[in-house]
Amino acid sequence: MAPRANGIGVQVEDTKICVVMVGLPARGKSFIAQKELTPTRSPAQRYLQWLSIDAQTFNVGNYRRTEAPHPSADFFDLGNAEGEKRRRAAAEAAMHDMLDWFRQGGVIGILDATNSTKERRKWVLDTCTKEGIEVLFVESKCDDESMIMANIRDVKLTSPDYAGQDPEQAAQDFRARIKNYEKVYKSLDEDGDENDYTYLKIMDVGSQVIINRIRDYLQSRVVYYLMNLHIRPRSVWLSRHGESLYNLDGRIGGDADLSTRGHQYAQKLPELVRDSVGEDRPLTVWTSTLKRTISTARFLPENYNQLQWKALDELDAGVCDGMTYQEIKDVYPEDFVQRDEDKYNYRYRGGESYRDVVIRLEPIIMELERSEDIIIVTHQAILRCIYAYFMKKDQSASPWMNVPLHTLIKLTPRAYGTEEQRFSADIPAVSTWRGKGSTAKHENPMADTTSI
Amino acid sequence: MSDKVSASESPQPSPAQPTATCMASSGTAEGDASRAHSRRYGTGDSHSYLHRQVHFGDICTESTNADGNSTAEIAANAPRYRRKSSTFIDGIHDVTADSDMAPAQLYSTMSGRLFHSGRIAIVMVGLPARGKTHICVSMARYLQCRRGRRRAGRLLFPNASPASVMLRQKILKKCREDIYAWLNHDNGQVAIYDAVNPTASGRLSLAKEFAKHDVQTLFLESYVDDENLLRENARNVKINSPDFEGMDPDEAAKLYLRRIEMKIPIFETMTENELNYIKMINAGSKFFYNNVSFNYLSHRIVFYLTNTHIKSRTTFFVRAGVATEEESFKADAPLSEEGHSYARIMCDTILSHREQEREFLKEQGGPDVPLRPLSVWTSTRMRTLQTAEPFTERGYKVRQRSQMAQINPGVCEKLSERAIRRLYPDEVEKHELDPYHHRYPRAESYHDLAVRLEPIILELEREQNDLLIIAHESVLRVLYAYLMHCSTTAIPTLKFPRNEIIEIIPAAYQNEAKRILIPGLDPRIVPSSPEGVRISVPGESPALFPGGGLSSPPETALEGLTISPAGSAPSLVTSPPPQKIVSTSKEAVEDKLLDQD
């Protein structure tokens with residue numbers, strides 16, 4: 001048994017679920033699918049993958065696009081036999097790849113397409129059921145014309161279909177394309193004969209919701225996650241605590257006070273935040289329960305609501321808490337090597353691994369998804385995990401990312417990825433980044449180090 | 001206060017809050033604090049305003065000194081930080097006047113309320129025999145709130161004569177007054193109002209009235225159109241009433257359903273667009289939400305309800321075996337020789353117990369059905385993993401859950417009680433005041449542990465197999481308290497001696513707990529006190545860290561691993577566990593039966 005790693009066994013779900021998106025274009029479907037994963041093969045790290053639940057999106061549009069990169073609206077006309085044939089072929093190709101992927105151990109596959117007819121849905125259901133895969137339909141239904149057009153302008157025009165085209169013409173073309181779908185569109189269970197399906201139907205961006213026949217915990221979790229998503233624009237601000245006395249010594253863990261420069265950062269933070277918020281809108285501040293984050297956040301404006309989360313405490317280094325890396329190497333040489341070999345899964349003796357941290361952060365992510373503007377002041381390992389969630393960083397890379405002290409990061413989730421801005425406080429601090437195998441007290445990140 | 005909220009105004013999704021903490025106020029002066037507070041919660045009456053002022057009484061320090069030495073000091077001196085008692089609990093919340101809070105009360109503030117939701121009345125809608133009470137009981141357990149007494153429910157006749165309308169209004173008024181009293185004076189947040197509420201107009205005016213008192217209303221309708229389900233409900237619950245004694249169950253069910261129809265001839269299912277409601281159709285096979293998409297509480301409720309099922313399956317709790325380094329949390333030590341032998345005996349006992357139960361049922365004339373599959377959950381700690389090994393060897397499915405690791409003792413690791421007293425006298429004092437919420441430096445409180453275990457609770461509700469949980473005593477305490485509806489004050493003192501398997505059998509309204517003896521164990525590893533002393537927090541007192549209160553047992557308690565004398569908390573250690581425990585929700589059933597007609 002390898003007690004220090006817990007790669008296997010934590011997340012054993014026997015279920016396989018195909019999440020089938022249903023709905024007309026520009027109803028926020030891709031946004032939902034996108035949240036869980038990026039299209040195609042990128043080793044994405046959104047929610048499910050971030051939680052080590054193997055998930056993959058199969059976007060039928062992408063299969064179709066390889067055939068017809070910039071189709072005009074009449075391609076989507078049902079009268080257009082050629083278009084219909086190609087779309088069918090794309091759906092089959094996507095399904096084929098998805099089933100292959102399930103056979104290799106995939107857990108949640110997301111089939112992102114309009115799936116707007118009962119026949120198509122039945123075909124998906126039957127095909128999956130035959131393979132022992134549960135099907136969860138997720139429909140986003142919206143009849144508000146102004147909302148649709150707003151969605152088209154905001155989201156769709158960044159779609160690869162319209163790269164380099166005139167925006168207004170593109171919007172009109174897209175609206176025409178939707179009209180073609182509308183002709184055949186049947187909402188889920190509209191006629192009452194899809195009552196046996198497991199589905200989630202979100203109407204008019206959540207003003208009404210139907211949840212039908214949820215069968216297991218994993219499904220309910222996906223549904224809960226989707227319901228907590230909101231499509232209103234907002235941002236998340238991230239900062240480490242100011243430089244601490246332990247940072248100066250190159251020690252890990254502990255509950256040390258801030259250094260003098262750390263206090264300077266605390267004083268400067270309100271200004272940094274105000275500048276990046278750009279207006280006088282109050283944020284909510286989340287800190288850990290450790291001194292250094294609470295101290296760092298203490299000068300933020302009075303009208304900012306402030307919360308402490310135990311779950312935001314630094315990764316627990318167990319027996320190594322309070323040691324320098326040199327000391328760890330001296331006292332626990334095997335552990336030192338093991339950790340560098342698989343930093344994500346290595347669990348400190350009596351402490352935690354990055355994987356453990358991700359599990360304990362899940363409720364935080366849920367809260368983040370349903371919250372408005374939040375600033376989080378927390379610790380290096382925790383920030384790596386949160387950042388990895390938003391920026392889809394790989395598990396093998398995220399524990400090695402450089403997270404500079406005295407820097408405020410602003411993340412703004414958008415439909416096709418998350419925007420990032422950084423604000424440096426220009427207050428010097430030691431580097432707490434460490435390369436593989438190194439025991440240096442402080443070293444500068446290498447040129448090729450991913451930096452948050 | 002002029003905060004008037006109209007019925008249709010949907011609750012503000014205020015900036016999230018959660019688990020750990022909330023600062024409920026801004027401003028440094030007392031008045032500011034209370035004002036900000038009432039602004040947030042939209043206070044509607046002066047009494048509650050005063051009430052909160054009382055609570056904010058001793059917490060306002062102006063100091064912004066940041067160079068304090070302890071986390072507590074820093075936090076306490078942070079300008080926005082306010083707390084109402086001397087118990088430092090990092091702002092999760094202080095103990096409310098009503099300390100009867102179960103572990104799943106996760107999201108309270110220092111006023112004891114959910115941070116972002118203000119005050120909420122959950123109003124049940126649905127004819128009798130639709131499982132409303134079952135929903136109420138389990139929701140109350142999960143949210144740990146108070147059910148509005150439902151005396152009035154029965155009297156809701158839509159076509160009543162003037163006299164009875166008067167009566168109805170009087171009783172309803174009384175009922176609602178109870179709810180306001182709870183929300184305002186007892187610092188309550190969620191009240192559940194369990195009645196039939198059959199008409200749309202009645203529901204609209206109810207929502208209006210609650211809004212006048214600054215209480216948001218969330219309707220929860222249980223709608224059943226599946227005849228089988230209806231009859232099943234009627235059979236299970238209603239026919240225990242003396243009225244139906246001696247009748248054929250099916251007949252009784254039919255009669256009962258007919259009576260309902262006569263008594264409540266008009267029932268309008270919810271379609272009111274302007275109200276916030278959740279409609280639960282056929283016991284959870286379908287949910288319909290209206291207007292509540294950004295309301296945190298309703299999401300949680302649905303998430304919870306989608307995971308509950310009434311299917312009867314058993315949950316077993318056992319302790320992990322004894323480890324080689326019992327006293328250290330950080331060491332994460334493997335099992336000792338005794339530990340391994342315990343694991344084998346425990347495994348045999350459980351498996352043969354299940355077999356016996358099955359035989360017994362068969363003898364009683366029950367059907368000869370195969371045993372339900374058994375899943376085993378452990379934490380990721382060594383000793384629980386190794387305790388599960390005999391099950392793995394026999395092919396049972398063992399799953400690890402990192403959330404189920406034992407409570408973290410923080411600085412108390414390996415310290416004796418005397419040492420803790422010497423090093424952290426202030427912390428000890430705070431701990432004694434509130435053993436459930438108090439957190440030693442860098443340690444976890446029981447509240448932290450309960451928050452961490454929440455995903456496990458949901459998964460536990462969903463699990464369809466019989467389930468064996470092998471965990472540390474601290475984890476068992478929290479899970480047990482959830483299933484059996486124990487108060488938070490009791491949690492740190494619940495006892496799980498190693499020679500007992502706890503079997504929890506669900507029933508419609510109350511879970512039942514049985515203790516099964518594991519025979520042939522070395523008596524030295526049996527008592528539950530070592531848990532307190534040796535494993536979780538190595539003070540000498542069984543009660544110091546995980547337990548409540550500080551007792552001072554003699555040093556010798558450490559030596560032989562025998563039951564330590566209980567010192568100041570005798571009941572905690574010495575009281576033998578009852579053979580059968582019925583949770584407090586039993587009251588709900590009685591209430592139900594009394595209300596029958």
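Start by selecting B:Tyr446, B:Leu449, B:Ala450, B:Leu453 and B:Ile457 in helix 15 of chain B, which meet B:Ser474, B:Val475, B:Val478, B:Leu479 and B:Tyr482 in helix 16 of chain B (contact: C-beta atoms, placed from the backbone, within 7 Å). These contact residues divide into nine nonpolar, one polar and no charged (nonpolar: Ala, Val, Leu, Ile, Met, Phe, Trp, Tyr, Cys and Pro; charged: Asp, Glu, Lys and Arg; polar: the others, Gly among them).

A word on the model: it is predicted, with local features needing pLDDT of at least 70 and side-chain atom pairs 80 or more, while totals for chains, interfaces and linings use all residues. Residues are numbered from 1 along each chain as its sequence is written, and chains are lettered from A and ligands numbered from 1 in the order in which they are written.

Now show helix 15 (residues 446-462) and helix 16 (residues 473-484) of chain B whole: they pack at about 65°, with axes 10 Å apart (axes are lines fitted to C-alpha atoms over the stretch in contact, and angles run from 0 to 180 degrees between N-to-C directions; helices are DSSP runs of H or I, at least four residues, and strands runs of E, at least two, numbered from the N terminus).

Next, select helix 14 (residues 425-433) of chain B, where B:Glu427, B:Val428, B:Lys430 and B:His431 are buried (20 or more other C-beta atoms within 10 Å; exposed, 12 or fewer; partly exposed, in between). On the other side, B:Pro425 and B:Asp426 are exposed.

Last stop: A:Ser239 in strand 7 (residues 236-240) of chain A. A:Ser239 is buried, with 27 other C-beta atoms within 10 Å.

Conventions:
Contact = placed C-beta atoms within 7 Å.
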